[in-house]
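Dear colleague,

Please find below the structure that I am handing over to you. My findings follow directly after it.

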Amino acid sequence: MENQSLEPWVVHKFGGSSVASSERYETVVKIVQQDSSSRRATVVSAMSGVTDALIELTELAKKQDQTYLDKLEALKKKHFATLDEILGTANPALRATLFKSIEDDTLVIRDLLRAISLSRSCSEATLEMIAGHGELWSAQILNACMNKRGVAAQWLDARLVLVVTHGETGPVIDWELSRKKLDAWLERVAERNIVITGYIASTPDGIPTTLKRNGSDFSASIFGALLDASCITIWTDVDGVLSADPRRVPEAVVLNEMSYQEAMELAYFGAKVIHPHTMAPALMKGIPIWIRNTFNPTFAGTKIHRADSLKGVSSNSAELPVKGFTTVDRVALLNLEGTGMIGVPGVANRLFGALREVGVSVIMISQASSEHSICFAVPEGQGAAAKKTVEKAFLSELQQGLIQSVECLTGVSILAAVGDNMVRSPGVAAKFFRALGKAGVNILAIAQGSSERNISVVVDQTQATRALRAAHAGFYLSAQTLSIGILGPGLIGSALMDQLEQQADRLKNEFKIDLRVRAIGNSSRMILGERLLFSKLKQSDKPLDLVQFADHIQAEHVPHSVIIDCTASEVPATHYAAWLKRGIHVITPNKKANSGPLKTYQELRGLTREMGSHYLYEATVGAGLPIITTIRDLIQTGDEIHQIEGVLSGTLSYLFNQFNGELPFSSIVRDAKKLGYTEPDPRDDLSGSDVARKLIILGREIGMSLEMRDIEVENLVPVPLRKSANADEFLDGLASFDAEMARLHREAQEANEVLRYVGSVSPQGKASVKLKRYSKAHPFASLSGTDNIFAFTTRRYHEQPLIIQGPGAGPEVTAGGVFGDLLRLAAYVGSRT
């Protein structure tokens, strides 16, 4: 045994991608040199692809495919070339020695392959002897590279010291004998830098063997335990352990630290972490494991250590209730159900005993407390065998009707949430399920261990990515992502896009909201993509197809989808119901759906309750003013609305604010049209129909069954001009009626009053749109520009109405109202709501 006063060993392990070329070997040496520890052990894998290539040689030989000879020669030359690039002409003696070693090994392998070819069979022992040569060559190359760079090192063939037997659960280490052999080897060498072959070992009889797949990681953990190392660093091609698969969740984050148990749970369910079995020696000794990136060596990586060492640690990862999420795809879900199971002991034992006998691996188990059913998941490829086995094991109960059915559902995935802190964080399960529910993901089965470290659910495989992203964002490990489609690139749509672009980075960085415009359409064409700009629509020749548009928006890799209708058309409005039924949220400033037939309005509101989809339309009434929100807040807090009255049109507000008797009314209308304050045809404003549509929406929001025919509308378009051919003809004719408007203004002035075009609605069934006179002391008289004003008279606000006033027209403020609805939606679908 070595002197215990010496500084502890540290262990580094480098995988195949880290030693794929001579340049990579040089990088490995630099990384090891930067470790200031006095005793360093480096476990190394074969060069990238070499182990698979050696195994392929045995397969070719079994088929008597003579190309195995050429492929073996190519492998030898690859290693020769790597050595030449590293050593050059600096040390010809060492070069010759290493070349001869590899040449000799190649001759041995060739003889073994010839025997395989003759017998057309390959024993496990022969396969493992051949497969392990990649590590032998790689360790010698790395050792030579270290010596060339002035690092005194000695390489160790792990077969000389590591003794294992193979059991049902994998390699079993003979710790006592292995430690004795290693100590003896260390006593014979002076170097304090050793390079150790990963993956390979020997049986008690001295026969070469391997540690199977992930063997090099296992080797690092084993030698860490044998050397009583202070830490083990696994160098790979990622920055550390990620909170989710980055291929499915690009926003996955690297975890600073986690417990052994968390790492094993994630690894069990397929996360790219070291295999649970390989961690066992380090766990046994309490040796921390670091996961770091060979290609980004300055990054700290992830530390895996004992759970008790995380207590009191202040770091983002340590405080998270859930550390990460992972999925297992291609799973079959089986359900054994029947009244004959209730209270009968031994049912589970029979079930899982039968599955064990046929080699079926059970991934997850769920059982109701009633004992009426047992649900379990197996790899999809074993689903049919599992069903057949269970039916055979319970044949008698099935025939007697004591067990009703054995069902097998394929094409499902398991999603697991993992974290030690779940046990100390109330509401984690609720948040998890709520995130999935809001993303429209249906849960087929649920399982949770008593440790509360893992919550697993089974979902349809087609929803797996959406479920993973929704759960990940639900715990704010990544941004809450919304897939957005915008219809109508006009003034409002363009203003909305500008606002989205201006705020995108801030929303993502500060509030974890990722708004992705993935589809844009106008009345004739559309463009589909990932992150789009309105300018790209002009380059598209793809005709608008609203079904295809919705299909693209509702992507599996984005958990939440929303279509924003910024048009004034009835066509998109006819699709709202279908979109909501699909789970696509709808936001719109378009009044057509809500002011159309009452049945349509009621259907859309009903769908939001039934389907869990959100239908938001704040901007339909007051542009950016919070009118719909205020109505709902008043009603939901128990108030009673007696009347809503106001100037609901920004255009008509402007016209009567400007109409002071100095200019004819027709001139003011003409100027307003030039300024863009009116519709292309001002009659659309002066007719009062737009105000009436807003009044219908307000009335319906307070519980009235209003239709357009129920509203008394004073049309300000003179009767003779209502059939004018176009807007210009109308404006030319409007001057003939200036005298009447001047008279109305003069009479109001004489009474110290002002003219205002006002909509009014009350639950008693009265709704009107009229030109009225108000005292100059009235709130309606203080309007300016295009301001809207709303007065709510309620049970609480009966002496003095609640007043909301502000800009009621213009693309910027209307787009702001739509943007507000979009952020409300982000809050609704977020798990913190």
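The notes below cover the pockets, the aromatic contacts and one hairpin.

Please bear in mind that this is a predicted model.

The largest pocket has a volume of about 1100 Å³. Its lining comprises 38 residues, and those nearest the centre are Ile 492, Lys 591, Glu 679, Gly 810 and Thr 814. Several helices each contribute at least two lining residues, among them α17 (491–511), α28 (689–701) and α31 (811–829). By class, this lining has 13 nonpolar, 17 polar and eight charged residues.

The second largest pocket has a volume of about 820 Å³. Of the 33 residues that line this pocket, Lys 13, Gly 15, Gly 16, Asn 214 and Asp 217 lie nearest its centre. At least two lining residues come from each of α2 (50–62), α8 (215–226) and β9 (231–236). The lining divides into 13 nonpolar, 12 polar and eight charged residues.

Turning to the aromatic residues, the structure holds 13 aromatic pairs. In one of them, the ring centres of Phe 659 and Phe 665 are 5.3 Å apart and the planes stand at 70 degrees, so the pair is edge-to-face. Phe 659 is buried, with a relative accessible area of 6%, and Phe 665 is also buried, at 3%. Elsewhere, ring pairs link Phe 325, Phe 432, Phe 433 and Phe 475 into a cluster. Arg 95 lies over the face of Phe 99, 4.1 Å from the ring centre.

Finally, strands β4 (residues 164–167) and β5 (residues 170–173) run antiparallel and are joined by four bridges. A hairpin of two residues connects β4 to β5, and Gly 167 stands opposite Gly 170 in β5.

With kind regards

How values were computed. Residues numbered from 1 in each chain as written. Predicted model: local features only at pLDDT ≥ 70, side-chain atom pairs only at ≥ 80, totals over all residues. Heavy atoms only, no water. Phe/Tyr/Trp six-rings, centres within 6.5 Å; stacked < 30°, edge-to-face > 60°. Buried < 20%, exposed > 50% of the residue type's maximum accessible area, 1.4 Å probe, protein only. Lys NZ or Arg CZ within 6 Å of the ring centre and 35° of its normal. Pairing = 2+ DSSP bridges. 1 Å grid on protein atoms, 1.4 Å probe; cavity = no way out; pocket = protein on both sides within 12 Å on 5 of 7 lines; lining within 4 Å. Points joined across faces, edges and corners; volume = space filled by probe spheres on them. Nonpolar A, V, L, I, M, F, W, Y, C, P; charged D, E, K, R; others polar.
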